[in-house]
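Trainee: Could you take me through the aromatic rings in this one, and whatever sits on or beside them? A close look at that part would help me.

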Amino acid sequence: MSSESPTNRLAAWRPRAAAASVWYLRVAAALNFLGAVSAPFRGQVTRHNTGDFFTPYMITSGFTSGALALFLAMMMRRRKRAAWIFNVVVVSLYMALVLISLVGLPEVREHWFNWVSGTITLGLLAALLVGRREFRAKGDRSNPWLALSALIGGGAVGVLIGTALVSATNTATGSTLRGRIDYVLMRVYTLAPSDSSFHNIDIPHWVDIVINVMSALIFLLVLYTLFRSPRGKEYLCPDDELRLRELLDRHGERDSLGYFALRRDKSVIFSPSGKAAVAYRVVGGVSLASGDPIGDIEAWPGAIELWLDQARDHAWVPAVMGASEEGGTVFARHGLNALELGDEALVEVDDFTLEGRAMRGVRQTHKKVGRAGYTVRVRRHEDIPEEEMDMLLQRADHWRDGQTERGFSMALGRLGDPDDGQCVMLECHDGQGELRALLSFVPWGRDGLSLDLMRRDRESDNGLLEFMVIELIGQADKVGVKRVSLNFAMFRAVFERGSRLGAGPVLRMWRSVLVFFSRWWQIESLYRANAKYRPIWEPRYLLFARSSDLPRIGIASARAEGFITAPSLPSLFQRRHQRALPR
């Protein structure tokens, strides 16, 4: 006899029931799309969905119903509570209609197909109820009002455009403006098929198609706004920043990217003990963490578990950018998959030398720039007078490439903030004393620096940045630095191994693709700019839960880094969270 309790058996069936409901909607979407493109199948579905016949829940024929079923399947797969409630309510009402018809109408009861449809629909309802606790992802509190606004506003635009098209193309006589508006309203808000008849209206088929497409887009927009995830705009508060700084003081030497957790457009979640934290930002429904967790490695699992639980509760896709091998291993123990992104270039000051044939190019560049009269000044931000810092900020803004400040995982994004006094500034002046370039580094523990910002005058001589890096290493004792983290080289291993003798065809093809795209993005050039220092290469990883989420994670990462800008909803519909910046 099995000792398993009924409660345990039910708990074991919950994920299966939730998955079954998702697959039902996927199959329904496929059948609906098939009916939209196949006239014989559409005819069969239409015949069994009219008169005395009932089809199973959501089984009709058309692109609109297919898109609706597919969208609901996606929301259910993300375990959104609002999508579960929507399906339970609609399935229950549909099931009640089927049962009432089966009991009260003999002509409905005598068709075996109706009994099959009722059984399938009842099975879906049972699966939804059994898997109820699996659908716990919360929605944004503003979703209902935003969905209502989308329904009214989008519907008004659709009716206006549809009425204008009907009025311009109607060839029948006797129609009134009220009649044409009613015709468009019926299509926009009821998703009526294009073969519906209406009195005194005779328009081309393409007008019906345009109105139906508008109605489908409006309906999907309403569903998106109703089911969208919370936006996660609770940014770093002063108390959180203070706690993070305390953790960095004790454990900051472990990760060169640790200081970037102090970006104020990030959020943070602490372990139950408060000894570790995960810094993240929600972008497009992706909870995007960067680097390793901050704090005691023994407390990392507690912070990671809370971060993953939060992502599940809000239907966010969890992802980590730029984790080290140590951090990636801990994340992987919690169910995330790892993909090597590239390598970080690290230079040990005591081991660095300009001697040797391999360093000939760097050595010659350093001597050439030095002979041209350039000099480099190295000092902590806290040692720079306010007036000079204001001037440096103006120059940095003037030399910036574009209007958007790029960076997220490996950039602080606030040059000159008084709270970042331990950051190190390198100022390069020409022979006439004119400022020509800037480098800023953030602290990496007690004796390390990590590159944050690079700016230079485009009209200055080439080789300034290499000259400044060499000068920093030469003057490292002034600021007590023993190790320096330089740029991140994405896909470094592909460039290095793909050019070697004996590289396989796949690796060589992948390298060729990267070289091609390097014409627009600095992929190969960053690798070569770092490689000239003969650094220690430390791999960095992307962590993710499912391979199917990689396109979404890629877009979210590009948005966070400032490479693409997504359109946003009007500020009227966005909640604002303000904070007093610590000073």
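Mentor: Arg-16 lies over the face of Trp-13, 4.9 Å from the ring centre. A charge counts as sitting over a ring if NZ of Lys or CZ of Arg is within 6 Å of the ring centre and within 35 degrees of the ring normal. Arg-483 does it too: its charged end is over the ring of Trp-444, at 4.0 Å from the centre.

Keep in mind that this is a predicted model, where local features need pLDDT of at least 70, side-chain atom pairs count only at pLDDT 80 or more, and totals for chains, interfaces and linings use all residues. Numbering runs from 1 along each chain as its sequence is written, and side-chain values use heavy atoms, with hydrogens and water left out.

Now ring against ring: searching the whole structure turns up 3 aromatic pairs. Rings of Phe, Tyr and Trp (its six-membered ring) pair if their centres lie within 6.5 Å; planes under 30 degrees apart are stacked, over 60 edge-to-face, the rest tilted. One of them is Phe-54 with Tyr-94, edge-to-face at 6.4 Å centre to centre and 75° between the planes. Both Phe-54 and Tyr-94 are buried (under 20% relative accessible area with a 1.4 Å probe, protein chains only; exposed is over 50%, partly exposed in between).

Then there's Trp-307 with Phe-331: the centres are 5.9 Å apart and the planes at 75°, so that pair is edge-to-face. Trp-307 has 0% relative accessibility, so it counts as buried, and Phe-331, at 0% as well, is buried too.
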